[in-house]
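Welcome! Take a moment to look over the structure below, and then we can walk through a few of its parts together.

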Amino acid sequence: MVALEVDVWSDFLCPWCYVASRRVEWLAADERVTLRRLPYELHPSIPPEGRSTVRVYGRGDRERAERALAGFVTLSAAEGLGWRMPERVPNTRLALAVDEWLRRHASEVHVPFHAAVFDELWAAGGEIGADAALAGARTAIAEGWLEASHLAATERGVTGTPAFAFGALVVPGLQDQAFFERIVDRLAARAP
C-alpha cells in the first residue's frame, strides 16, 4: 500500500490551526497517510515583541476581543482542547524556525514540541514569541527554511492556514474530521 503524502502548513498564532490540530493528529495516526507539519509564517509584520491581543482582536477593547474569539472557546472545547486568550499575539518566526529545525533534525521531538507550542499559546495563554523560542532558530532562518516552506506552500496554492495538501488537492481551513475521512478513503481507494 502506498501512503498518501499530506502536507499541512500552519502558524502557531492561528487559532484555526490550533483547533485543526486534532484533525492533523487524526491524519497522522492513519496508517495510509504520511504527514508533514510545515511552517507558514502568517503575519511576518508582527514585531518581535508581539502585539496586544486586545488591540489585534478588539481594537483596544478587551470585551470586544473576547467576543471576537468566543467561538474558539466552543470549538476548542468540542475538540477536547483547552482555551485561554493570550495577552499577546506573538511574532512566531523563531518558534516556527525551531519547529522546522526539529522536523528536519530531531523528528522524535518535533510533534511533541509542535503540540506544546500550540498548547502554551492557546490553552495556557502563554508566551511563545522571540524570548521563548529555543535553540536552532538561527540556523533555520539563516538557511532559509521558512522561506522555502512558504514558497512551496505558495506554489501549491496555499494562501493561509491551516492548509492541508493531499498530493495535488489543497484543502484550506478548518474542516470536519468526517470530511478528511472521506478524502483519505477516496484517495486511498484510487492508490495503485
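## Two paired strands

Let's begin with strands S1 and S2, which pair in the parallel sense over seven bridges. Keep in mind that this is a predicted model. For one example of the pairing, find Asp 7: its bridge partner in S2 is Arg 36.

Is S2 enclosed or open? Strand S2 covers residues 33-39, and five of its seven residues are buried, so the rest of the structure largely encloses this strand.

## Helix H1 and its kink

Next comes helix H1, with 15 residues. At 1.5 Å a residue H1 should span 21 Å, and its end C-alpha atoms are 22 Å apart, which agrees. Along the way, H1 has a kink of about 40 degrees, centred on Ser 21.

Ser 21 is also one of the buried residues of H1. Others in that group include Pro 15, Cys 17, Tyr 18, Arg 23 and Leu 27.

## The largest pocket

The largest pocket has a volume of about 200 Å³, and 16 residues line it. Ser 21 turns up again here: together with Glu 25, His 114, Ala 115 and Phe 118, it lies nearest the centre of the pocket.

Which elements give two or more residues to this lining? They are strand S1 (4-10), helix H1 (15-29) and helix H5 (107-123). H5 gives the most, with six residues. Sorted by class, the lining of the largest pocket holds nine nonpolar, three polar and four charged residues.

How values were computed:
Residues numbered from 1 in each chain as written. Predicted model: local features only at pLDDT ≥ 70, side-chain atom pairs only at ≥ 80, totals over all residues. Heavy atoms only, no water. 1 Å grid on protein atoms, 1.4 Å probe; cavity = no way out; pocket = protein on both sides within 12 Å on 5 of 7 lines; lining within 4 Å. Points joined across faces, edges and corners; volume = space filled by probe spheres on them. Helix = DSSP H or I, 4+ residues; strand = E, 2+ residues; numbered from the N terminus. Nonpolar A, V, L, I, M, F, W, Y, C, P; charged D, E, K, R; others polar. Expected span 1.5 Å × (residues − 1). Bend = angle between axes of the 7 residues up to and from the residue. Buried < 20%, exposed > 50% of the residue type's maximum accessible area, 1.4 Å probe, protein only. Pairing = 2+ DSSP bridges.
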